[in-house]
Amino acid sequence: MGNGLSDYRQEDMLSIVMKLAEQYVSGDSTSITYERAQSLMDAVLYCINEYEHADDGNFVRAEMTAGEVYELGFRLVQDKARKVRENYHRLMAGFDDYGMECLRDTVAKGIPGFLKRYDVRFAPQETLLTLDYPILRDIRELSGVDAVFEYIRCIEWEQQLLGRFDRYYVREILRRYHLDYEHLFENICHIVMMNLTGHVLLHKPLAEQGFTGDELRKLGLIFTELTEEEAEKTIDGYIRSLMERYCKENLLLYKYLQGDVHAMAVRIRSGVSVGHPEKIFLL
Amino acid sequence: MGEIKTTGNWLEAMTQQNQIQQLLAANQYTEQFGLVLSEQDAKMLVRERMETLKRERRVEFGKSILPAIIYAFCDSAYIHQSHYVETLIRLQEMFFMYKNEMDDELTDDELLNFMKEQFETVCYGDLDYLEGTCLEIFSEAVRAGYRDYCRSEGKGDFRKIDIVTRWDRELFETVLKDLE
């Protein structure tokens, strides 16, 4: 991996920023504000970081200058922005927001705005949108095209999973979760998967919709007896079996859903402990 | 992300020396108007430039604006050798201050054209008036969305937005007649 940003010569870094500043003002000005200079420095650091942390084994050789690493990183950011566009079009070909307003706004309205306004050269570190629909992975440490790339990947996995079920079935689960679910800022998979946990644990086919009082009591008992760790293991096991059944061992999707196991276990256990399993196991 | 740190002293010294040379080279052109900078003057201007940039929180990359100010203003009838350096210092301060005030909307040329035109016509060489009235009114207009200067490169713009009533020759003559 990389030399580390501190290893680059300060004057090399400044020289890259100066050149970038000249391009930024395109000969119209001889000066910029501190804030703009800082933003351009962040743009340079973003590209360098992109090269140093790229997945395909890029190696920063000791003799490489900051300028060389920056240019290589810039090309990677450019490629990623292109990939984001491709992935977005692929996603939108079969996209369904299931009536969830914040998912629709973020994906169908927000991301095109990002694609239109993203500035690879002068502000690659800017994410430009707030990515309001909550995904099951923490991407707060990412910014710019990295964040949007990862976000689209996650939404694609979610769509892949939800697409395995009848859309009216998904919408009905959401409606039973909250009558006004369209305006919630919650993850759809999280709600659907919690519901599915009930079916799997009771060995109840999805076609048999709804849970009887006995079934809810039984589920309550199961989760009362399990420790948090055991509950997580149980949920993790059922997600894996679900993946094998529905998504043909999609490892990335499985890993993505694994990120929600802890939250699901906590939510199910607390729902059961306050005597309202019907708020978790909906349909 | 990282912060910009000050560069090494040698780099700063080299930049300063380069700027002093640029200012002294301008003498070849300005001496026809009776304006010349000594090496001491040039050093002082470069020092003042750094102070102004720091105060206005701006960074100059490569070229300095000072030579452009010199070439734009040196033919003015209102600048004399006796206050040449002080005038350049003030013009430089105003330039950077109003670059910020106008949110960098104007290019260097547009701002310099505007400053020079007002200095010659409306201000009659009064730097305080240029700063406190002309640039102030213009910057307010620019912040409010005025963009006609893009077509005119900053020339002939002030009269469109000027709201100040100034000396009126006709009124003066009328009053004079009344006094008689």
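The side chain of A:Thr127 reaches the backbone nitrogen of A:Gly144 at a distance of 2.9 Å. This is a predicted model.

**A:Thr127**
- A:Thr127 sits in the loop that runs between α4 (101-117) and α5 (144-162) of chain A.
- With a relative accessible area of 17%, A:Thr127 is buried, because buried means under 20%.
- Beyond residues up to four places away in sequence, A:Thr127 touches A:Phe114, A:Ser143, A:Gly144, A:Ala147 and A:Val148.

**A:Thr197**
- Helix α7 (residues 188-201) of chain A contains A:Thr197.
- A:Thr197 has a relative accessibility of 1% and so counts as buried.
- The side chain of A:Thr197 makes a polar contact of 3.1 Å with the side chain of A:Tyr238.
- Apart from neighbours within four places in sequence, the contacts of A:Thr197 are A:Phe223, A:Ile235, A:Tyr238, A:Met264, A:Ile268 and A:Phe281.

**Helices α3 and α5 of chain A**
- Helix α3 (residues 66-93) of chain A and α5(A) have axes that come within 10 Å and cross at roughly 25 degrees.
- Angles under 35 degrees count as roughly parallel, and α3(A) and α5(A) are therefore roughly parallel to each other.
- α3(A) and α5(A) form a left-handed crossing.
- On the α3(A) side, the contact involves A:Val77, A:Lys80, A:Ala81, A:Lys83, A:Val84, A:Asn87, A:Tyr88, A:Arg90 and A:Leu91.
- On the α5(A) side, these meet A:Val145, A:Asp146, A:Val148, A:Phe149, A:Ile152, A:Ile155, A:Glu156 and A:Gln159.
- Sorted by class, the residues in the contact of α3(A) with α5(A) are ten nonpolar, two polar and five charged.
- A:Val148, listed here for α5(A), is also one of the residues that A:Thr127 touches.

**Helices α4 and α6 of chain B**
- In chain B, the axes of helix α4 (residues 84-101) and helix α6 (residues 127-143) come within 10 Å and cross at roughly 15 degrees.
- That angle makes α4(B) roughly parallel to α6(B).
- The crossing in which α4(B) passes α6(B) is right-handed.
- α4(B) contributes B:Thr87, B:Arg90, B:Leu91, B:Met94, B:Met97, B:Tyr98 and B:Glu101 to the contact.
- α6(B) contributes B:Leu127, B:Asp128, B:Leu130, B:Glu131, B:Leu135, B:Glu136, B:Ser139 and B:Arg143.
- The contact of α4(B) with α6(B) is made up of seven nonpolar, two polar and six charged residues.

Terms used. Residues are numbered from 1 along each chain as its sequence is written. Chains are lettered from A and ligands numbered from 1 in the order in which they are written. This is a predicted model: local features need pLDDT of at least 70, side-chain atom pairs count only at pLDDT 80 or more; totals for chains, interfaces and linings use all residues. Side-chain values use heavy atoms; hydrogens and water are left out. Helices (H or I, at least four residues) and strands (E, at least two) are DSSP runs, numbered from the N terminus. Buried means under 20% relative accessible area, exposed over 50%, partly exposed in between (1.4 Å probe, protein chains only). A polar contact is a pair of N or O atoms within 3.5 Å; within protein, one must be able to donate a hydrogen and the other to accept it, and residues adjacent in sequence count only if both atoms are side-chain atoms. Contact means heavy atoms within 4.5 Å. Axes are lines fitted to C-alpha atoms, for helices over the stretch in contact, and angles run from 0 to 180 degrees between N-to-C directions. Angles under 35 degrees count as roughly parallel, over 145 as roughly antiparallel, 65 to 115 as roughly perpendicular and the rest as oblique. A crossing is left-handed if the near helix is turned anticlockwise from the far one by less than a right angle, and right-handed if clockwise. Ala, Val, Leu, Ile, Met, Phe, Trp, Tyr, Cys and Pro count as nonpolar, Asp, Glu, Lys and Arg as charged, and the others, Gly among them, as polar.
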